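Work through these exercises with the model open. Each task is followed by a worked solution.

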Amino acid sequence: MLVVANTGDPAWPYEGSRAMADTLAGARLLTVDGYGHTVLGNPSACAAGAQERYLVEGRLPAPGTVCAPDRQPFAPPGA
């Protein structure tokens, strides 16, 4: 199972995601060093690629993988 978590999630603390991934047999945590509740609200091409590889090919990202968001929150359009 792939668990995806933002480090700055106000609704679900990152440590909760880490604990969930540690509890589920064979799970892997994919960290997005960004803000917001879910990666959908703070897109990351890196995370999207990892999720696609998992869903299509069943491949988990390497342990400890950290993705950056495509842009920082509150950045001006086009930044």
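**Exercise 1.** List what V32 touches, leaving out residues up to four places away in sequence.

Solution. Contact means heavy atoms within 4.5 Å. V32 then touches V4, A5, N6, T7, V39, S44, A47, C67 and P69. The model is predicted: local features need pLDDT of at least 70, side-chain atom pairs count only at pLDDT 80 or more, and totals for chains, interfaces and linings use all residues. Numbering runs from 1 along each chain as its sequence is written, and side-chain values use heavy atoms, without hydrogens and water.

**Exercise 2.** Find the residues of the largest nonpolar core.

Solution. Start from the term: a nonpolar core is a set of buried Ala, Val, Leu, Ile, Met, Phe, Trp, Tyr and Cys residues joined through side-chain atoms within 4.5 Å. Buried means under 20% relative accessible area (1.4 Å probe, protein chains only). The largest core has seven residues: L2, L30, V32, V39, A47, A50 and C67. Two or more of them come from each of β2 (28-35) and α2 (45-57). Another core lies apart, with five residues, including V3, A5, A21 and L29.

**Exercise 3.** Trace the strand pairing of β2.

Solution. Helices (H or I, at least four residues) and strands (E, at least two) are DSSP runs, numbered from the N terminus. Pairing requires at least two DSSP bridges between two strands. Take β1 (residues 2-8): β2 pairs with it in the parallel sense over six bridges. V3 has L29 of β2 as its bridge partner. Next comes β3 (residues 66-67), parallel to β2 over two bridges. Here T31 is bridged to V66 of β3.

Definitions and conventions: Buried < 20%, exposed > 50% of the residue type's maximum accessible area, 1.4 Å probe, protein only.
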